[in-house]
Structure formats: C-alpha cells, structure tokens
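Please look over the model below. This report covers its ligand site, its domains and some backbone details.

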Amino acid sequence: MHGWTEDTEQLAQAVLDYTRYRLHLDPVPLDGPATPEELAKAAGTTITEGGLGGEEALRLFTEVLAPACLSIDNPRYLSFIPCAPTEAATLFDLVVGASSIYGGSWLEGAGAVYAENQALRWLADLAGLPPGAGGVFVQGGTIANLSALVAARHTARRRLDGRQPAHALAVAASAEAHSSIQAAAAVMDVELLLVEPDAQGRLTGEHLRAALASRGGGGVETHGVFAVVASAGTTNLGIVDDLASVAETAEEGGCWLHVDGAYGGAALAAPSARARFAGIERADSFVVDPHKWLFAPFDCAALLYREPELAREAHAQHAGYLEPTQEAGAWNPSDYAVHLTRRARGLPFWFSLATYGTAAYTKAVERTLAVARHAAEAVTHRDYLELLRPPDLSVVAFRRQGWSPSRYGEWSDRLLAAGVAFVVPSSHRGLPIARLAVVNPRTTEADIDIILDSMA
Ligand SMILES: *Cc1c(COP(=O)(O)O)cnc(C)c1O
C-alpha cells in the first residue's frame, strides 16, 4: 500500500491526466444529482477486501461519481454562491495534498503559515485593518463566524470580570444575516437579538441603537449584547449593511463588531464597490471566503482579527503534548479558531495571488460586478420580470410576474435537466424570487440573457 511501484506510476499519470482534462473543459458540463438507487446501480459496492485497484476506482469516480456532482464552476451555475477557482489555485491544491503539511503550528508549518499570513495581510489591507491584525484560514464562513463570536464573548466576559449583565448575553444581527449566525448563537447558547433592517434591508446604527436601548442601553453589563454582526454582502440579496453607523453604535455600546463578508468581502478588491464598505476598517473581526468570490477551491475561509491576541486567549488549546508548539511569540494558526489540526488551506489562494498578482483579482471581481449590473438592467428591460432591488454587489434578485412557487421550481428543474443552467429559486419575505449570484468571471452577459429569456 505504501511504496512507489509500477502501478503507482501509472496511477500518478492517470490522476494527472484526468486533472488536466477536467481543467481543459470549456465550459465544464453542468452535470447534476443522481438518486441513491441510480448510484448503487452504477457504482455498486466500492469498498472490498481486496481493493478495486486505482484504475477502476478512478474510472468509477470519473464516469459515475463525478457526473453526479454539480460543477460549481460552470459559468451558468448561478445559485447559492458558486466557486470559480483559478487554474493556478486548483493545480496548487494538488501540491498541498502531496506535501503533508501540518498547518496548525509554526513549529511544524512555518513556511506555509508565512505564505498564508501574507495572503491574510492582503485581505487585512483591503479592509484597512491595522498592522497588528491577523488570523487564520478555516474551513468555511460558518466556523469563521462561530470562532469570531467565541472570541468576542471571551473578551466580554473578561471585561465583565465575573459580573452578570442585566440582560442575558446576546449577539445582535439583522434578520437578513446568514443562517450561520443563528447556528453560532445556538451552539454558544446565547440569545440572538434580531434588529429590524431599514427600508433597503440594511442594518443601521440607528436601528441597532434602538435595539440596545430596548435592553436598557449603556454597555454590555446592561444590555448583554457582546457582539454585533454586520453583513458585508448578505447571501440572499447581496446587501451591504451600513457599516460606518453600525461601527459607531457598536463602539458606543461596548460591543465587538464582527463583519461577515463571507460572500461580499471579496468586492473590497473592486474600486467600483469599495465605497459600500466604508466603516469596515473599524471591525474587531472580519470574515471573507476565498472559496466564494476570490477564486480559491473549496474549502477556504479567511478569518481576521483586529487584535489577534484576544482570539488566542479564547481559542488556544493547552495540553502537555502541545507545549513544544507554544514557544513564545510563535504564530500558531490553531490558536485563532475552533480547531486544532488543519490543512494549510490558504495555500492554493496564496499561490494564485502570488502567481497572477492582485491586479488580476481586481479585474476579475470587477468583471463579475459588470455582468451583475448587466443582469439588473436586462431584468428591467423585460416586462415580465421585476427587479427586487438594485444590486449592491453581484447578487441579482428579481420576480417573474404571475409565477407561483411551483412555476419557479418547474423552470429551475427544466434548466438543470437540460444542462442549461443551475438557478434555484429563493424567497424573500415569504414570496418566491429568482436569484443570480455572479462570482465566476467566465459568466458572460450572454449567459444571463439566455436564463432571463427562458422565463418569458
Ligand atoms: C456563505 C456564507 C456564510 C457561510 O459560509 P460557509 O463557507 O458556507 O460556511 C456565512 N455568511 C455569509 C454572508 C455567507 O454568504
């Protein structure tokens, strides 16, 4: 099983050949799900005592299993948030896998951690965070949000120094915030204080102030709200909260400001969108997922802290066998989130940034924003469609006049079955909507028009 044999040589060639073939597909077929029965019939039992051999296992993957997975990088995959890695990032993911790097500690992974930290620094600079800012790449925005909120609570508890706040500990967020904020509050067993957004769907300082006042105002010792989550691009509608006024109110109320930019934070790299993020430089923590709109393969979320030491106090694990990693001053990525062992998952993103340069990122994000602007305009030019709101970023939400939820569902199923596009309906305030999330620079205006015309 271990050891490089003739068979291994052939397998290496086959794996690299398939990788090259997959990356050459232009466009890659959309593919789509199969039922458990269909897969059982086509793939059968794959784990056997003697093994299938690499050739057969790879054949099963390429011919049966892979086609039963949607190609998230297809230019007409526009649901949820797609992922459109660069060639360099995907190729380097192979190298990371082949390198057996332990990304949890400086002792073990210094070179990788150094490179990852440079990529994090680029993101911190885009946000305008101070030189001392730093963090870690984690699996996803969900773990990143949870980790940031745990650091926020730890910090608040230290400041409370044993005193119980008058109201229960809580996280404040707008009702438009991502479901992972609710999940984090549940995991942490703290309250979620839902703040009513303004008419444009934005969390504002004014509404936040009213929500804190409803819990007695003052500081955390009164209202109990140890963190405020602002969204820098909500997932459903792409709304960027009014970060500057929220930052102001969070500071008044003694609350940690967490900015969830898992999807939208990438647009910091786009000069045409940068003004929407005014105030983000005041964040205590900030999340952006390079696996969403910064062209890294799954899974890769960047978590940054203004004062990483506060996160380290909350998260560092202590055990006799870990002591050698805890040398004074060593930067251990494990210390900044809810995890210990970690893949150096920031490296494909780093390699791509190092390869192409940051200007290429700016250009690619601007391209997607331009296609999103086209989509919004194209919606307004079709009398059977109605734009929900002008897009802040690259999510375009709209309605088809007269369609019931089931009509949206049939339309979406038909496009997927025909391999034309993957556009699942969403809903807003209880009503069905269509939604296009453009993060793939290969998505063109023509792709958008084909989808909109299919709703006529
Ligand atoms: C996608 C998303 C998340 C969750 O990120 P995962 O990487 O899917 O865990 C959190 N917040 C926002 C705003 C998101 O768009």
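## Terms and basis

Helices (H or I, at least four residues) and strands (E, at least two) are DSSP runs, numbered from the N terminus. The model is predicted: local features need pLDDT of at least 70, side-chain atom pairs count only at pLDDT 80 or more, and totals for chains, interfaces and linings use all residues. Residues are numbered from 1 along each chain as its sequence is written, and side-chain values use heavy atoms, with hydrogens and water left out.

Most residues other than glycine have a negative phi, and most peptide bonds are trans. D299 lies in the loop between α11 and β7 (301-305).

P27 is placed in the loop between α1 (6-24) and α2 (36-43). S100 is not a glycine, yet has a positive phi of about 45 degrees. S100 is in the loop between α4 (87-98) and α5 (106-127).

## The ligand shell

Around the ligand are 14 residues. A residue counts as near when one of its heavy atoms lies within 4 Å of the molecule. G141, T235, D260, D289 and K292 come nearest. By class, the shell has 2 nonpolar, 9 polar and 3 charged residues. Here Ala, Val, Leu, Ile, Met, Phe, Trp, Tyr, Cys and Pro count as nonpolar, Asp, Glu, Lys and Arg as charged, and the others, Gly among them, as polar.

Which helices each supply at least two residues of the shell? They are α6 (141-160) and α11 (290-293). The largest share, 3 residues, comes from α6.

## Contacts and cover

A side-chain N or O atom of T142 is 2.8 Å from a ligand oxygen atom. For K292, a polar side-chain atom lies 2.9 Å from an oxygen atom of the ligand. The protein covers 87% of the 380 Å² of accessible area (Shrake-Rupley method, 1.4 Å probe) that the ligand has on its own.

## Domains

The assignment, automatic or from a database, gives domain 1 (1-30 + 33-69), domain 2 (95-356) and domain 3 (359-453). The C-alpha centres of domain 1 and domain 2 lie 37 Å apart.

Definitions and conventions: A polar contact is a pair of N or O atoms within 3.5 Å; within protein, one must be able to donate a hydrogen and the other to accept it, and residues adjacent in sequence count only if both atoms are side-chain atoms.
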